[in-house]
Amino acid sequence: LQLAAEQDFTLAQMNLGVLCLKGVGVAHDCVKALHWIQKAADQGDAKAQFNLGVMYADGEGVKQDYREAMIWYRKAAEQNFANAQCNIGNMYADGIGVKEDDNEAVRWYLKAAEQGNSLAQYYLGIAYYNGEGVKKDDVEAAKWGLKAAKQGVAAAQSSLAGMYADGIGVKKDDVAAAKWHLKAAKQGYAHAQYTMAQAYADGMR
(Lines give C-alpha, C1' and ligand atoms only; values in the text may rest on other atoms or scores of the structure.)
Protein backbone atom coordinates (compact mmCIF):
# COMPACT_ATOMS: atom_id res chain seq x y z
CA LEU A 1 0.00 0.00 0.00
CA GLN A 2 2.84 2.38 0.89
CA LEU A 3 4.55 1.66 -2.44
CA ALA A 4 1.36 2.29 -4.39
CA ALA A 5 0.77 5.51 -2.45
CA GLU A 6 4.28 6.70 -3.20
CA GLN A 7 3.57 6.07 -6.88
CA ASP A 8 0.66 8.53 -6.70
CA PHE A 9 -2.22 6.05 -6.73
CA THR A 10 -4.93 8.16 -5.13
CA LEU A 11 -6.92 5.23 -3.72
CA ALA A 12 -3.80 3.88 -2.03
CA GLN A 13 -2.95 7.31 -0.65
CA MET A 14 -6.43 7.79 0.73
CA ASN A 15 -6.59 4.30 2.25
CA LEU A 16 -3.12 4.61 3.78
CA GLY A 17 -4.10 7.97 5.24
CA VAL A 18 -7.23 6.53 6.84
CA LEU A 19 -5.25 3.57 8.25
CA CYS A 20 -2.73 6.00 9.79
CA LEU A 21 -5.57 8.09 11.18
CA LYS A 22 -7.29 5.10 12.79
CA GLY A 23 -4.13 3.21 13.70
CA VAL A 24 -5.27 0.08 11.87
CA GLY A 25 -2.39 -2.16 10.80
CA VAL A 26 0.01 0.76 11.27
CA ALA A 27 0.89 3.09 14.12
CA HIS A 28 -1.63 5.88 14.78
CA ASP A 29 -0.04 8.92 13.14
CA CYS A 30 -2.11 12.02 12.41
CA VAL A 31 0.78 13.73 10.61
CA LYS A 32 1.19 10.86 8.13
CA ALA A 33 -2.58 10.58 7.83
CA LEU A 34 -2.81 14.24 6.85
CA HIS A 35 0.07 13.86 4.40
CA TRP A 36 -1.52 10.99 2.45
CA ILE A 37 -5.13 12.17 2.63
CA GLN A 38 -4.05 15.65 1.48
CA LYS A 39 -2.19 14.13 -1.49
CA ALA A 40 -5.24 12.14 -2.55
CA ALA A 41 -7.54 15.12 -1.99
CA ASP A 42 -5.31 17.37 -4.11
CA GLN A 43 -5.65 14.82 -6.92
CA GLY A 44 -9.44 15.12 -6.74
CA ASP A 45 -10.39 12.01 -4.77
CA ALA A 46 -13.82 12.82 -3.33
CA LYS A 47 -13.57 10.50 -0.34
CA ALA A 48 -10.18 11.96 0.55
CA GLN A 49 -11.57 15.48 0.21
CA PHE A 50 -14.39 14.52 2.57
CA ASN A 51 -12.00 12.92 5.07
CA LEU A 52 -9.79 16.01 4.96
CA GLY A 53 -12.85 18.11 5.70
CA VAL A 54 -13.61 15.91 8.71
CA MET A 55 -10.04 16.29 9.97
CA TYR A 56 -10.31 20.08 9.81
CA ALA A 57 -13.77 20.05 11.39
CA ASP A 58 -12.62 17.81 14.27
CA GLY A 59 -9.13 19.32 14.61
CA GLU A 60 -7.58 15.91 14.11
CA GLY A 61 -3.99 16.17 12.90
CA VAL A 62 -4.54 19.83 12.06
CA LYS A 63 -5.69 22.98 13.84
CA GLN A 64 -9.49 23.00 13.92
CA ASP A 65 -10.72 25.18 11.07
CA TYR A 66 -14.39 25.04 10.08
CA ARG A 67 -13.92 27.29 7.06
CA GLU A 68 -11.24 24.98 5.70
CA ALA A 69 -13.49 21.99 6.47
CA MET A 70 -16.24 23.60 4.40
CA ILE A 71 -13.86 24.16 1.48
CA TRP A 72 -13.02 20.46 1.33
CA TYR A 73 -16.59 19.33 1.96
CA ARG A 74 -17.67 21.47 -1.00
CA LYS A 75 -15.04 19.93 -3.27
CA ALA A 76 -16.31 16.46 -2.38
CA ALA A 77 -19.95 17.55 -2.58
CA GLU A 78 -19.42 18.90 -6.09
CA GLN A 79 -18.56 15.31 -7.01
CA ASN A 80 -21.89 14.20 -5.47
CA PHE A 81 -20.27 12.66 -2.40
CA ALA A 82 -23.36 12.33 -0.20
CA ASN A 83 -21.62 12.34 3.19
CA ALA A 84 -20.03 15.69 2.35
CA GLN A 85 -23.37 17.09 1.22
CA CYS A 86 -24.95 16.01 4.49
CA ASN A 87 -22.15 17.59 6.53
CA ILE A 88 -22.52 20.85 4.62
CA GLY A 89 -26.21 20.75 5.50
CA ASN A 90 -25.30 20.33 9.18
CA MET A 91 -22.90 23.26 9.07
CA TYR A 92 -25.54 25.53 7.56
CA ALA A 93 -28.16 24.27 10.02
CA ASP A 94 -25.91 24.99 13.02
CA GLY A 95 -24.09 28.05 11.65
CA ILE A 96 -20.67 26.41 11.92
CA GLY A 97 -18.04 27.95 9.62
CA VAL A 98 -20.83 29.68 7.70
CA LYS A 99 -23.78 31.93 8.47
CA GLU A 100 -26.74 29.87 9.70
CA ASP A 101 -29.11 29.28 6.80
CA ASP A 102 -31.91 26.72 7.09
CA ASN A 103 -32.77 27.02 3.39
CA GLU A 104 -29.21 26.10 2.39
CA ALA A 105 -29.20 23.29 4.95
CA VAL A 106 -32.32 21.77 3.41
CA ARG A 107 -30.91 22.16 -0.11
CA TRP A 108 -27.83 20.14 0.83
CA TYR A 109 -29.76 17.60 2.88
CA LEU A 110 -31.99 16.97 -0.12
CA LYS A 111 -29.02 16.34 -2.42
CA ALA A 112 -27.63 13.75 0.00
CA ALA A 113 -31.01 12.27 0.91
CA GLU A 114 -31.88 11.63 -2.72
CA GLN A 115 -28.67 9.58 -2.96
CA GLY A 116 -29.82 7.45 -0.04
CA ASN A 117 -27.80 9.05 2.76
CA SER A 118 -29.71 7.94 5.86
CA LEU A 119 -28.71 10.80 8.16
CA ALA A 120 -29.60 13.39 5.54
CA GLN A 121 -32.98 11.69 5.14
CA TYR A 122 -33.51 11.96 8.90
CA TYR A 123 -32.45 15.62 9.06
CA LEU A 124 -34.63 16.43 6.04
CA GLY A 125 -37.58 14.79 7.75
CA ILE A 126 -36.95 16.89 10.87
CA ALA A 127 -36.76 20.03 8.72
CA TYR A 128 -40.17 19.26 7.21
CA TYR A 129 -41.60 18.43 10.64
CA ASN A 130 -40.39 21.71 12.18
CA GLY A 131 -40.86 23.86 9.07
CA GLU A 132 -37.21 24.93 9.12
CA GLY A 133 -35.87 25.98 5.72
CA VAL A 134 -38.95 24.50 4.09
CA LYS A 135 -42.72 24.77 4.46
CA LYS A 136 -43.94 22.51 7.29
CA ASP A 137 -45.24 19.27 5.81
CA ASP A 138 -45.95 16.32 8.10
CA VAL A 139 -46.46 13.92 5.19
CA GLU A 140 -43.01 14.76 3.77
CA ALA A 141 -41.56 14.53 7.27
CA ALA A 142 -42.98 11.03 7.65
CA LYS A 143 -41.81 10.01 4.18
CA TRP A 144 -38.19 10.95 4.80
CA GLY A 145 -38.32 9.68 8.37
CA LEU A 146 -39.46 6.30 7.12
CA LYS A 147 -36.60 6.13 4.61
CA ALA A 148 -34.07 6.87 7.36
CA ALA A 149 -35.78 4.49 9.80
CA LYS A 150 -35.62 1.65 7.30
CA GLN A 151 -31.85 2.22 7.05
CA GLY A 152 -31.50 1.81 10.81
CA VAL A 153 -31.26 5.40 12.09
CA ALA A 154 -32.48 4.96 15.66
CA ALA A 155 -33.53 8.59 16.12
CA ALA A 156 -35.61 8.35 12.95
CA GLN A 157 -37.20 5.10 14.14
CA SER A 158 -38.15 6.73 17.42
CA SER A 159 -39.52 9.87 15.74
CA LEU A 160 -41.49 7.80 13.26
CA ALA A 161 -42.95 5.76 16.11
CA GLY A 162 -44.19 8.98 17.67
CA MET A 163 -45.75 10.05 14.39
CA TYR A 164 -47.60 6.72 14.10
CA ALA A 165 -48.69 6.95 17.72
CA ASP A 166 -50.16 10.44 17.23
CA GLY A 167 -51.26 10.10 13.59
CA ILE A 168 -48.95 12.88 12.39
CA GLY A 169 -48.26 12.69 8.66
CA VAL A 170 -49.42 9.07 8.65
CA LYS A 171 -52.55 7.21 9.67
CA LYS A 172 -52.55 6.53 13.42
CA ASP A 173 -51.27 3.00 13.93
CA ASP A 174 -50.36 1.78 17.42
CA VAL A 175 -48.88 -1.47 16.10
CA ALA A 176 -46.51 0.40 13.76
CA ALA A 177 -45.65 2.80 16.58
CA ALA A 178 -44.70 -0.09 18.86
CA LYS A 179 -42.69 -1.75 16.09
CA TRP A 180 -40.55 1.32 15.43
CA HIS A 181 -40.12 2.13 19.12
CA LEU A 182 -38.87 -1.43 19.67
CA LYS A 183 -36.39 -1.17 16.78
CA ALA A 184 -34.99 2.06 18.21
CA ALA A 185 -34.93 0.67 21.75
CA LYS A 186 -32.96 -2.38 20.61
CA GLN A 187 -30.30 0.02 19.30
CA GLY A 188 -30.04 1.60 22.74
CA TYR A 189 -31.95 4.77 21.89
CA ALA A 190 -32.86 6.09 25.34
CA HIS A 191 -36.11 7.85 24.50
CA ALA A 192 -37.49 4.73 22.81
CA GLN A 193 -36.38 2.55 25.72
CA TYR A 194 -38.20 4.85 28.13
CA THR A 195 -41.33 4.84 25.98
CA MET A 196 -41.33 1.05 25.76
CA ALA A 197 -40.78 0.72 29.51
CA GLN A 198 -43.62 3.15 30.16
CA ALA A 199 -45.89 1.19 27.81
CA TYR A 200 -45.10 -2.08 29.62
CA ALA A 201 -45.68 -0.43 32.99
CA ASP A 202 -49.02 0.97 31.85
CA GLY A 203 -50.01 -2.45 30.55
CA MET A 204 -49.35 -4.02 33.96
CA ARG A 205 -51.61 -1.63 35.87
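Which residue caps the N-terminal end of α3? In this predicted model, the cap is Asp29, with a side-chain oxygen 3.1 Å from the backbone nitrogen of Val31. Helix α3 itself runs over residues 30-42. Just after α3, Gly44 adopts a positive phi of about 95°.

The length of α3 can be checked against its residue count.

Cys30, Ala33, Leu34, Trp36, Ile37, Ala40 and Ala41 are the buried residues of α3. An α-helix has 3.6 residues a turn, so residues three or four places apart point the same way. Among the elements that cover the buried residues of α3 are α1 (2-6), α2 (10-22), α4 (46-58) and α5 (66-77).

The view can now widen to the nonpolar cores. The largest nonpolar core has 48 residues, and those touching the most other members are Leu52, Tyr73, Ile88, Tyr92 and Leu124. At least two residues of this core come from each of α2, α3, α4, α5, α6 (82-94), α7 (102-113), α8 (118-130) and α9 (138-150). Helix α3 gives the largest share, seven residues.

Tyr73 shows what such a position looks like in detail. Leaving aside residues up to four places away in sequence, Tyr73 touches Phe50, Gly53, Val54, Ala57, Ala84, Asn87, Ile88 and Met91.

Definitions and conventions
Residues are numbered from 1 along each chain as its sequence is written. This is a predicted model: local features need pLDDT of at least 70, side-chain atom pairs count only at pLDDT 80 or more; totals for chains, interfaces and linings use all residues. Side-chain values use heavy atoms; hydrogens and water are left out. Helices (H or I, at least four residues) and strands (E, at least two) are DSSP runs, numbered from the N terminus. The expected span of a helix is 1.5 Å times one less than its number of residues. Buried means under 20% relative accessible area, exposed over 50%, partly exposed in between (1.4 Å probe, protein chains only). Contact means heavy atoms within 4.5 Å. A polar contact is a pair of N or O atoms within 3.5 Å; within protein, one must be able to donate a hydrogen and the other to accept it, and residues adjacent in sequence count only if both atoms are side-chain atoms. A nonpolar core is a set of buried Ala, Val, Leu, Ile, Met, Phe, Trp, Tyr and Cys residues joined through side-chain atoms within 4.5 Å.
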